[in-house]
Amino acid sequence: MTAGGVSRLTIRAVVNGRPRELDVPTHALLLDVLRDDLDLKGAKRSCDSQVCGACTVLVDGLAVSACTYLAVEADGRAIVTVEGLADGDALHPIQEAFIEAGAVQCGFCTAGMLLTARALLAENPTPTREQILHSLRGSLCRCTGYRKIVDAMEARHGARVEERPGSAGTRRTFGGEGAMSGPPATPTTPEERPGSAGARRTFGGEGAMSGPPATPTTPEERPGSAGARRTFGGVGAMSGPPLKWIGRSVRRVDALEKVTGRARYVTDLVVPGMLHARVLRSPHAHARLARVDATRARALPGVVAVLTGADLTWCDPYCGPAFRDRPILAIDVARFEGEPVAAVAALDEATAEAALDLIDVDYAPQPAAITLEEALAPGAPLVHTGEPLAGHFADLSSLKPEPGTNVCHRFRFARGDAAAALAGADLVVEDTYRFPAVQHYAMEPHAAVAAWDETGSLTVWASTQNPYSVRVELAKMFGAPLSRIRVVVPHLGGGFGSKTYAKLEPLTAALAHVARRPVRLAISAAEAFQTVRRCSARVAMRVGFRRDGALVAVECDAQYDVGAYADIGPRVVQKATYTATGPYRVPHVALGAAAVYTHTTPGGAFRGFGVPQLAWALESLFDVAADRLGRDPVDLRRDNLLGHGEEFAPGDTPIDGKYEESLGRAAEAIGWTQALAADRGRGVAAMLKASIGPSVSEAIVRLHADGSVTVLASAVEMGQGTRTVLSQIAAEVLAVPLERVTVVPPDTAITPYDQTTSSSRSTTMTGRAVQVAAEDVREQLLRVAADALGLPARDLALEDGAVVSAVQRLTYPEILALRFGMSGGELIGRGVVAPGRSAAPLGGSTPFWEMAVGAAEVSIDEETGAVKVERYVSVADVGRAVNPLVLEGQDEGGVVQGLGHTLLEEMVYTDGHLVNGTLLLYRVPRADDVPALACRFVENADGAGPFGAKGAGEGSLIPVSPAVANALARLTGVRLRDLPLTPERVWRALRARKDPETHAGEPS
């Protein structure tokens, strides 16, 4: 039959065991029917091209991609979604295995992974690891690094999962010949305890690598036991009071929501009366907009609002954290391919899409500067001809673009006399290194829902990493006080920096204002390529050494391609360049970098915040110098490392970690001094990164009348485990069970200020604020109990939800009843962490230094040029691992993401057009790309965060490229300077090595 001109059919299917009869359009996709008609939101929309696996469901037991499977094909079939996996309250064993193995992070891919696993295990209950990897080729994950997902699938077929990680006596075994051991296990013998003589975790196979510290279980070491003393090997090992929750690999507090499909992301939200938005984008890299006529689109039935740049006279249409240079919609000029030119809000997505075709635009194409070379050339086409307004960050308020050029910011940092030191050096190594533009590909594409109310207040549900920064932008653009702008962040399906600062929120809010109804704008993965990316870079570096290997000077001249709009690019440039010398002692420094506009997708924050681009150059040159000096690369680095407590720059935080320990562990784990097969090469690299300074985090902790606890904090959970870690911190301070702690999702109307969820700062800064707030509540408890018991507070302690003395005990509900005279009221604690400005070169001392070392072992197929990373070791100095399992998952994910831009990923432009801006053409790492991987942690409780913790998660990504390239150079003698190390690029370099005259001048 037909309805409204659309052909429809009635289908009958059994969905999660329940018979269903559905009237669907013949062209409807199964994914849309499940999500919109049956409200089964577990299956996710991401790639729309049968590549990522996030939409996987089972049809008659077979795993299918619901984003390309027609609903009518499911007629008469049995469909299972993630919501149908559990048997009532009893989870399916594969769901349990995912939770136990730590295979759940942001959760956006989890449903698809679970159903892929169930389909495989139903067909083959005992698959080999290779069969598991093959089954996952169509399922992408950007958070976990895949290892824990594979571990979970192995655990499901014959492994023992006796107890939760971190509980007494736990030992987890993941079966299968040659299988690697899983997440941090709880050692039960002296040989296995971290820090004990001979401690070593094996990852199956010859030459196995040792792993990260695990949770001790002997009475002397068990957290929370009497006389507990936790020791993590090395000088300065930790010791302190007994800890019950800190250092334990407890289950993620959000895991259950994610494995059952109950977790709600922005694209899962439905607001009454909500309209759906679509965006018309420029097909040109640079064009004047001679005419934009939306008359026909506005007349289309079902269209409620259409916006063009010319319509934005009622608000301030510009936003941006560094410069307010980016309009909501292109005004007069489109500056990159994909820039929004017009937007439609309609009753449904199909109508909105149809309306875009009715908008008439006359483009007058203009010359474009696509590359750095084109943008910096004399007479280059200018991306911006006027001077943009300053953004809202104090440390960026003095930025000035260079008039008449495409340079939007230039940063310089110097000490000593680098020119003279280089002139007098015994060895100077220099070269130019290039780092590609890459896309974050967070599994959840950007989305926002905006609604205005009758008071003129705006609420935005957004997939953002920093709701408070977005609130500032919206308040300024729409002329509203901050108190009338509310930003709510539900579950976030990955970010990696792509969801920092305003992206879709201004346009969504503007459409909702004009339509006078709520509006949802959810872009596709392909549109994400036209929204934000990592800044590509060209780095020219000179490094001088004495004959004895002492580093004397570093000179750097870098250009970062920030694309058509500055976004946070100027801060990326100056923060990264400030630490361009890495973790080394350098007396003479001359560092310079420019942020350069081009007619391409705007570049923004990406995991590592500009440091990977510079570490790629410095760490490669270190190996070049070692070769020319006849030195071992590990020894040359060790001789030049900054020491614990040493000054990096006047006024900044002294070095708060022990690099030599990290370097030593990485070298030992990769077997640096052991004999190597002729077809293998090994390489190492190190990194140093500063966090944001000055930086502010606030938290509120509420102790309720029943003794349960609520934590209010605005750190965004995007897979990194923030909610779990904050729960552990509050539970530790207040001595309550973890399940009695609830962490509220960020909501600027409820949760207090937090600067941003980026720069690896959440555990250190927000976690410290939670600790302070919980300590405030603890002191209140002790005061009330001391008065009631007639004892000094110093004679009291908190234990298992009560205040105890040597002979008496008052539970928290009893104490609150004493305080308020009734069974009601609550104790509220507040924590503020705000170090403020300092004399540091960037205006604020870094709260902590993020430090990591990577070591790689590689092989190569010389016939094709394909590089294979066989083994990789990551060692991060984390101060203290609050949750080792969660932290290990972050580290593994960072390494695999680093392998992406090392071997695979690059956004390619031809004639101004992005030619690989979809997941069909842009290759990210799959499960079968992951090497044998070990992530280890140095823990000396020397961080500024709670219980001595420091931030981690970004550092593991940064050394990957130089470590792999250094290994390749040691294996083949070929030194490549351009990423990624594609087979073609490596093959050409190998040919040039064999026949330098014939292949002279070929790119490397």
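Two strands pair if DSSP finds at least two bridges between them. In this predicted model, strand E10 (residues 287–293) and strand E17 are joined by six bridges and run antiparallel.

E10 and E17 belong to an open sheet of three strands. The order is E15-E10-E17, and the pairing is antiparallel. Strand E15 (333–334) and strand E17 (360–365) are the edge strands. Each of these edge strands pairs on one side only.

**Confidence**

The mean pLDDT of the protein is 90. Of its residues, 90% reach 70 or more. Residues 158–237 are another matter: over this stretch the pLDDT is below 50. The stretch still has 223 contacts in the model beyond near neighbours in sequence.

**Helix pairs**

| Helices | Axis distance | Angle |
|---|---|---|
| H15 (residues 611–629) and H22 (residues 960–972) | within 9 Å | roughly 30° |
| H16 (residues 633–640) and H17 (residues 659–670) | 10 Å | about 170° |
| H11 (residues 467–478) and H12 (residues 505–515) | within 10 Å | roughly 45° |

Take H15 and H22. Their axes cross at roughly 30°. Angles under 35 degrees count as roughly parallel, so H15 and H22 are roughly parallel to each other. The crossing of H15 past H22 is right-handed. H15 brings Ala615, Trp616, Glu619, Ser620 and Asp623 to the contact. H22 supplies Ser961, Pro962, Ala965, Asn966 and Arg970. By class, this contact of H15 with H22 has four nonpolar, three polar and three charged residues.

Next come H16 and H17, which pack at an angle of about 170°. H16 is therefore roughly antiparallel to H17. On the H16 side, Val634, Arg637 and Arg638 take part. They meet Glu660, Leu663, Gly664 and Ala667 in H17. The contact of H16 with H17 divides into three nonpolar, one polar and three charged residues.

The last pair is H11 and H12, with axes that cross at roughly 45°. That angle makes H11 oblique to H12. H11 passes H12 in a right-handed crossing. From H11, Val470, Leu474, Met477 and Phe478 meet Glu505, Pro506, Ala509 and Ala510 of H12. Seven residues in the contact of H11 with H12 are nonpolar, none is polar and one is charged.

**Leucine 971 in H22**

Helix H22 also holds leucine 971. Which residues does leucine 971 contact, leaving aside its neighbours within four places in sequence? They are Ala678, Asp679, Arg680, Gly681, Val858, Ser859 and Ile860. Valine 858 lies 113 residues from leucine 971 along the chain, yet their C-alpha atoms are separated by 8.1 Å.

**Backbone details in loops**

Two cis peptide bonds deserve a look. One runs from glycine 693 to proline 694, with omega near -5°. Proline 694 sits in the loop between strand E30 (681–690) and strand E31 (697–703). Another cis bond joins leucine 979 and proline 980, where omega is about 0°. Proline 980 is in the loop between H22 and helix H23 (983–994).

Tyrosine 441 has a backbone detail of its own. Its phi is near 40°, a positive value in a residue other than glycine. Tyrosine 441 is placed in the loop between strand E20 (427–435) and strand E21 (447–452).

Notes. Residues numbered from 1 in each chain as written. Predicted model: local features only at pLDDT ≥ 70, side-chain atom pairs only at ≥ 80, totals over all residues. Heavy atoms only, no water. Axes fitted to C-alpha atoms, helices over the stretch in contact; angles between N-to-C directions. Helix = DSSP H or I, 4+ residues; strand = E, 2+ residues; numbered from the N terminus. Parallel < 35°, antiparallel > 145°, perpendicular 65-115°, else oblique. Left-handed = near helix turned anticlockwise from the far one by under 90°. Contact = heavy atoms within 4.5 Å. Nonpolar A, V, L, I, M, F, W, Y, C, P; charged D, E, K, R; others polar. pLDDT = per-residue confidence, 0-100.
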